Amino acid sequence: RDRRRRRDYSMETSRGRGADVSSGPVWFRFMPVIVLLALAILTHDVFISISSGCVVARWLLQRDLWIGFLRYLDTDLPAGLVDMNYVILFSWLITGVIGAAN
């Protein structure tokens, strides 16, 4: 019996066609991380960088920048704020401690 299962990461988009994460060039899969790291280095603001990386990931899944951005705002951002509120609070507090120490 084969214990390895093939997972399906495709999803329905607003246009009705399925978005497959594995479609496209291999470097597309790393675009959210590349955007996140580049913006973190350039802006020195982690929250903007993480948000931009999430928007790029949603853009690649939805295959439409506007729909991806709106889906991020109405679905991903509120769910992330509810689920990760302690992580966000800890990040703000540790940033304040580091800022006060400098």
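**Briefing: helices, pocket and loop residues**

With a relative accessibility of 34%, Arg63 counts as partly exposed; the classes are buried (under 20% relative accessible area), exposed (over 50%) and partly exposed (in between), with a 1.4 Å probe and protein chains only. The model is predicted: local features need pLDDT of at least 70, side-chain atom pairs count only at pLDDT 80 or more, and totals for chains, interfaces and linings use all residues. Residues are numbered from 1 along each chain as its sequence is written, and side-chain values use heavy atoms, with hydrogens and water left out.

**Overall fold**

- The protein chain contains four helices and two strands; these are DSSP runs numbered from the N terminus, helices being H or I with at least four residues and strands E with at least two.
- Along the sequence, the order of elements is β-β-α-α-α-α.
- Among the 102 residues of the protein chain, 12% are counted as buried.

**Helix α2 and its ends**

- Helix α2 covers residues 46-62, and its 17 residues should span 24 Å at 1.5 Å a residue; the end C-alpha atoms are 24 Å apart, which agrees.
- The expected span of a helix is taken as 1.5 Å times one less than its number of residues.
- The buried residues in α2 are Ser49, Gly53, Val55, Val56, Arg58 and Gln62.
- Ile48 also belongs to helix α2, but Ile48 is partly exposed, at a relative accessible area of 45%.
- At the start of α2, a side-chain oxygen of Asp45 comes within 3.4 Å of the backbone nitrogen of Phe47.

**Loop residues with positive phi**

- Most residues other than glycine have a negative phi.
- His44 is not a glycine, yet has a positive phi of about 60°.
- His44 sits in the loop between α1 (31-43) and α2 and is exposed, with a relative accessible area of 69%.
- Arg63 follows α2 and lies in the loop between α2 and α3.
- Arg63, likewise not a glycine, has a positive phi of about 60°.

**Helix α3**

- The 19 residues of α3 should span 27 Å at 1.5 Å a residue; the end C-alpha atoms are 25 Å apart, which agrees.
- At Tyr72, α3 bends by about 40°, where the bend is the angle between axes fitted to the seven residues ending at a residue and the seven starting there.
- Phe69 is located in helix α3 and is partly exposed at 31% relative accessibility.
- Phe69 and Val55 are 14 residues apart along the chain, and their C-alpha atoms are separated by 5.8 Å.
- Leu77 is another residue in helix α3, and its relative accessibility of 31% makes it partly exposed.
- From Leu77 to Val55 the C-alpha separation is 9.8 Å, at 22 residues apart in sequence.

**Largest pocket**

- The volume of the largest pocket is about 400 Å³.
- Of its 15 lining residues, Ile50, Ser51, Leu77, Leu81 and Ile88 are the closest to the centre.
- On a 1 Å grid over the protein atoms alone, a pocket is an open set of points where a 1.4 Å probe fits, with protein on both sides within 12 Å along at least five of seven lines; lining residues have an atom within 4 Å of a point.
- Grid points are joined across faces, edges and corners, and the volume is the space filled by probe spheres set on them.
- The lining draws at least two residues from each of α2, α3 (65-83) and α4 (85-101).
- By class, the lining holds eleven nonpolar, three polar and one charged residue.
- Ala, Val, Leu, Ile, Met, Phe, Trp, Tyr, Cys and Pro count as nonpolar, Asp, Glu, Lys and Arg as charged, and the others, Gly among them, as polar.

Terms used. A polar contact is a pair of N or O atoms within 3.5 Å; within protein, one must be able to donate a hydrogen and the other to accept it, and residues adjacent in sequence count only if both atoms are side-chain atoms.
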